[in-house]
Amino acid sequence: MHINRTFSLKLSTVEDLNEKVRPKLRSKFVDRAIQDRLNPQEIDTTVLGTRRLLAILHAREEVSDFLKRAIQLELKVEQ
């Protein structure tokens, strides 16, 4: 079942959504984003790109400095 609700979003967020997601897919996109945030253990990692997964791993505190440096080299970012 689906219901319509009104939420307040920053204008820049809506503009980014409108630029990057086709109109017919926006509700599904927002629903998936909310579900991923509410249930992070259930995120479907098969739909995430490798760079996104590496960035997530890089941000974790328990990752060793050696691995973080390797990820930085792979992503070609300075820190």
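Entry 1, ground rules. I note that this is a predicted model, in which local features need pLDDT of at least 70 and side-chain atom pairs count only at pLDDT 80 or more, while totals for chains, interfaces and linings use all residues. Residues are numbered from 1 along each chain as its sequence is written, and side-chain values use heavy atoms, with hydrogens and water left out.

I looked up the secondary structure and found four helices and zero strands, where helices (H or I, at least four residues) and strands (E, at least two) are DSSP runs numbered from the N terminus. The order from the N terminus is α-α-α-α. The radius of gyration, taken over C-alpha atoms, is 16 Å, well over the 12 Å that the globule rule (2.2 Å times the number of residues to the power 0.38) gives for 79 residues, so the protein chain is more spread out than a compact globule. Along its principal axes, the C-alpha trace spans about 45 × 25 × 20 Å.

The domain assignment, which is automatic or from a database, gives domain 1 (8-41) and domain 2 (45-75), and I find their C-alpha centres 23 Å apart.

The axes of α3 (residues 50-59) and α4 (residues 65-75), lines fitted to C-alpha atoms over the stretch in contact, come within 10 Å and cross at roughly 150 degrees on a scale from 0 to 180 degrees between N-to-C directions. That makes α3 roughly antiparallel to α4 (angles over 145 degrees).

How values were computed: Parallel < 35°, antiparallel > 145°, perpendicular 65-115°, else oblique.
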